[in-house]
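Please read it with the structure open beside you.

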Amino acid sequence: MMKKDDFTLIELLVVIAIIAILAAILLPALNKARDKAKTAKCTSFMKSLGQAESLYGNDYGGWILPVITDDNGVRSNHWYKNLPFLGYCAIKWNPSVGASKRGEFVTTDFFCPGATYRDTSQAETVGGLYTCLFYSWGRNNTYSGGSIHHAVKLSAMRGPSRKIDFADGITWTLSMAGSFAPNKYYLTGETSATVTAYRHGRMANFTFYDGRVKLLGYTAVTNPAVNVADAPGPEVWELTN
């Protein structure tokens, strides 16, 4: 009598159970590896932003890149539209748009892979090839007096290695008030809210003015005991103190 080679139902169920167990063991590790790769890519991009900041200062008399310029009371040029800065980063944009839209239509090859927010009224309508740079990163915009039309020389900044320049974010301008995750990002997630985005395992990448990039949680950059909108920021945010 010949032996049958067919699996019995019990054997088949055992094989399925083994596969399920292996998947349960391996998938979290694979997801963790994928998330680490996203964080590393974001870190690399943010180092490029820091290097571009340094190049800008070298070419413009030691002044930091303005968060926004003010021409006779008109906010005319946000940092993400600054042509020299975009050139230092080798960031490409849709050539068919005007200067006022440069930073809103950058190619998707320079974008935080952990950023998922999309605004269909803007860049994503152009064939999915372009996106808004400020949905990946924002800039620290904290000065004494609260002015956003501020010019600062790096040499006048006390402890630039401790001052935040760029951070994972979902807007062009960031502050300590928008970085307290429990009542900001943890509630809003990847939306159009003006917040620091802790999208890398509940942590965010921060570029400092000495070019370093650090992966930090919200407690490293905020004062949890004082989390109201008008709270004084710690030294990492205030650029003119």
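1. Ground rules. This is a predicted model, in which local features need pLDDT of at least 70 and side-chain atom pairs count only at pLDDT 80 or more, while totals for chains, interfaces and linings use all residues. Residues are numbered from 1 along each chain as its sequence is written, and side-chain values use heavy atoms, with hydrogens and water left out.

2. The helix α1. Helices here are DSSP runs of H or I with at least four residues, strands are runs of E with at least two, and both are numbered from the N terminus. Helix α1 covers residues 9-59, which is 51 residues. The expected span is 1.5 Å times one less than the number of residues.

3. Burial in α1. Buried means under 20% relative accessible area, exposed means over 50%, and partly exposed lies in between (1.4 Å probe, protein chains only). The buried residues of α1 include T39, C42, F45, M46, L49 and Y56. An α-helix has 3.6 residues a turn, so residues three or four places apart point the same way. Keep that in mind when you look along the list.

4. The sheet. Which strands form it, and in what order? Five strands make an open sheet in the order β7-β5-β6-β8-β9, with mixed pairing. Two strands pair if DSSP finds at least two bridges between them. The edges are β7 (173-174) and β9; each has a single partner strand, so one side of each lacks a neighbour in the sheet.

5. Strand β8 and its partners. Strand β6 (residues 164-168) pairs with β8 in the antiparallel sense over three bridges. There, I164 has F208 as its bridge partner. Four bridges join β8 (residues 204-208) to β9 (residues 213-216), and these two strands also run antiparallel. T207 stands opposite V213 in β9. The hairpin of β8 and β9 has four residues between the strands, and G211 takes a positive phi near 95°.

6. Aromatic pairs. Rings of Phe, Tyr and Trp (its six-membered ring) pair if their centres lie within 6.5 Å; planes under 30 degrees apart are stacked, over 60 edge-to-face, and the rest tilted. The count is 14 aromatic pairs. One of them is Y80 with F134, a tilted pair at 4.6 Å centre to centre and 50° between the planes. It links distant parts of the chain, 54 residues apart: Y80 is in the loop between β2 (74-78) and α2 (83-88), and F134 is in the loop between β4 (130-131) and β5 (137-140). Y80 is buried at 4%, and F134 is buried at 10%. The rings of F110 and W137 have centres 5.6 Å apart and planes at 75°, so that pair is edge-to-face. F110 and W137 are both buried.

7. Cluster and charges. Ring pairs link W79, Y80, F85, Y117, F134, Y135 and F166 into a cluster. A charge sits over a ring if NZ of Lys or CZ of Arg is within 6 Å of the ring centre and within 35 degrees of the ring normal. R139 lies over the face of F166, 5.2 Å from the ring centre. R212 has its charged end over the ring of F208, 5.2 Å from the centre.

8. Cysteines. How many disulfides are there? The count is zero, where a disulfide is a pair of cysteine sulfur atoms within 2.5 Å. C42 is buried at 0% relative accessibility, and C112 is buried at 1%.

9. Loop residues to check. A90 lies in the loop between α2 and β3. A90 is not a glycine, yet its phi is positive, near 55°. A90 is exposed, at 59% relative accessibility. R202, in the loop between α3 (185-188) and β8, has a positive phi of about 65° although it is not a glycine. R202 is exposed at 54%.
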